[in-house]
Amino acid sequence: MQVVSGLVRVAIVGGAGVFGRRLALLLADDRSFDVVIAGRSIAKAEALARTIGAEATVLDRETATASELDRLNVDVVVDASGPFDTLGPDPYRLAEAALQAGAHYLDIADGRDFVCGIDRLDLAARAANRFALSGASTTPALSSAVCDALVRDWTRVDSIEVGVTPGNRAPRGLAVVRSILSYAGKPVRVFLGGQWGTAPGWGLTTRRDLAPDLARRWLSLCDTPDLELFPERYRVTDRVVFRGGLELPVLHLGLLAASQAVRLRIMPSLSLFSEMARDLADVLIGFGTDRGGMIVEVKGLDTLGAPAARTWTLVAEGGDGPNIPVLAAYACLKKLDTIAPGARPCMGEVSLAAFESLFKRFRIRTEMR
């Protein structure tokens, strides 16, 4: 590993974006890292770099090369840019370039195919004695850490249901909006009733109370890595469902209504409306709250073989929710030397206890019952 002045040198691609900026601030405050803000806009990168004492450079994840990264002399490359929802002709170009440059690779992807396909780089990562972890974010890093804790002493897991709902005042990037619209109304592969089948994206809609002060939130099916990874990881017998929600019913139910056009094959996808949807959400950003949350519910058999159910909930207030997607990446960067080489989805790398310790820095509270 290359080290500059005793600091771990990290390049954050998309470092001036919604989530990259939050990771950059965490690393700058830590003082154990030398941070490089990388992105397609040098103006945005330099503006943030000046405020946190970092470097700035132009780097496009779609065209990045090993020589570019080698010149930056970084130990780790973090991709916080996206989008990760579609697989182009060379989806892992940045990860491959990082490994070829002798650097570790992390991303905060939540695209199902992207995260689940990272293991194609496993041989290259092991040969370089580096790791490439995908999904160092809310899903599957945090969601799997919660499930690991909830079912650690169980003899059987029957069902896992996860729900995530941000506050309406949380910032939303175009990549996130595009990701949701890419699968809304389309068949999503999901494990239901003990077998694989499909359900419509943004379907399976329900309304849940996550906490007394986070009540009656709408939730609908999201196409996340958990749907693919959890049935095998936990040997689930019945179902794995991951739902997301928009706080304002007009947005959540409006998307549900629009998705019917895709379900009925009137149009192939809602992705073309990504910018319009983002702009509409921005117009309504003054409504609702800055309070978001997450819920994980598991059912199965406990150590003695008796029916059991456990629930974990998280509530983030004061606009601190958007910090959650980068905490797994931050935790991994803090323990570089303990992460085994190889390429894989980011599960089992950060414990729930480690997450809980990081939550204390923010207005984030959790409960397990």
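Let me begin with a definition: I call a residue buried when its relative accessible area is under 20%, exposed when it is over 50%, and partly exposed in between, with a 1.4 Å probe and protein chains only. What we are looking at is a predicted model, in which local features need pLDDT of at least 70 and side-chain atom pairs count only at pLDDT 80 or more, while totals for chains, interfaces and linings use all residues. Residues are numbered from 1 along each chain as its sequence is written, and side-chain values use heavy atoms, with hydrogens and water left out.

I will start with the helices, and by helices I mean DSSP runs of H or I with at least four residues, strands being E runs of at least two, both numbered from the N terminus. Helix H12, residues 324–334, is largely enclosed by the rest of the structure, because 10 of its 11 residues are buried. The buried residues of H12 are Ile 324, Pro 325, Val 326, Leu 327, Ala 328, Ala 329, Tyr 330, Ala 331, Cys 332 and Leu 333.

Ile 118 sits in the loop between helix H5 (112–116) and helix H6 (122–128), and it counts as buried because its relative accessibility is 0%. The C-alpha atom of Ile 118 is separated by 7.6 Å from that of Tyr 92, although the two are 26 residues apart along the chain. Leu 181, in helix H8 (residues 174–183), is buried as well, since its relative accessibility is 7%.

Now to the charged side chains. Side chains of opposite charge can pair when their charged atoms come close. I count a salt bridge where a side-chain nitrogen of Lys or Arg lies within 4 Å of a carboxyl oxygen of Asp or Glu, and the structure holds 27 of these salt bridges.

One of them joins Arg 126 and Asp 122, at 2.9 Å from N to O, and both residues belong to helix H6, four residues apart, or about one turn of the helix. An α-helix has 3.6 residues a turn, so residues three or four places apart point the same way.

Which parts of the chain are linked by Asp 213 and Arg 291? Their salt bridge has its closest N and O atoms 3.9 Å apart, and it links distant parts of the chain, with Asp 213 in the loop between strand S10 (206–208) and strand S11 (217–221), and Arg 291, 78 residues away, in the loop between H11 and strand S13 (292–301). Asp 213 is partly exposed, with a relative accessible area of 30%, and Arg 291 counts as partly exposed too, at 22%.

A further salt bridge brings together the side chains of Arg 217 and Glu 247, at 3.4 Å from N to O. This pair also links distant parts of the chain, 30 residues apart, Arg 217 being in strand S11 and Glu 247 in the loop between strand S12 (239–244) and helix H10 (249–263). Both Arg 217 and Glu 247 are buried.

Let me turn to the backbone. The peptide bond from Thr 139 to Pro 140 is cis, with omega near 0 degrees, and Pro 140 has its place in helix H7 (residues 138–150). Arg 235, although not a glycine, has a positive phi of about 50 degrees; it is found in the loop between helix H9 (225–233) and S12, and it counts as exposed at 73% relative accessibility. Arg 265, again not a glycine, has a positive phi of about 65 degrees, lies in the loop between H10 and H11, and is exposed, with a relative accessible area of 77%.

Finally, a word on Met 276, which is placed in helix H11 (residues 274–283). Why does Met 276 count as exposed? Its relative accessibility is 56%, which is over the 50% that the term exposed requires.
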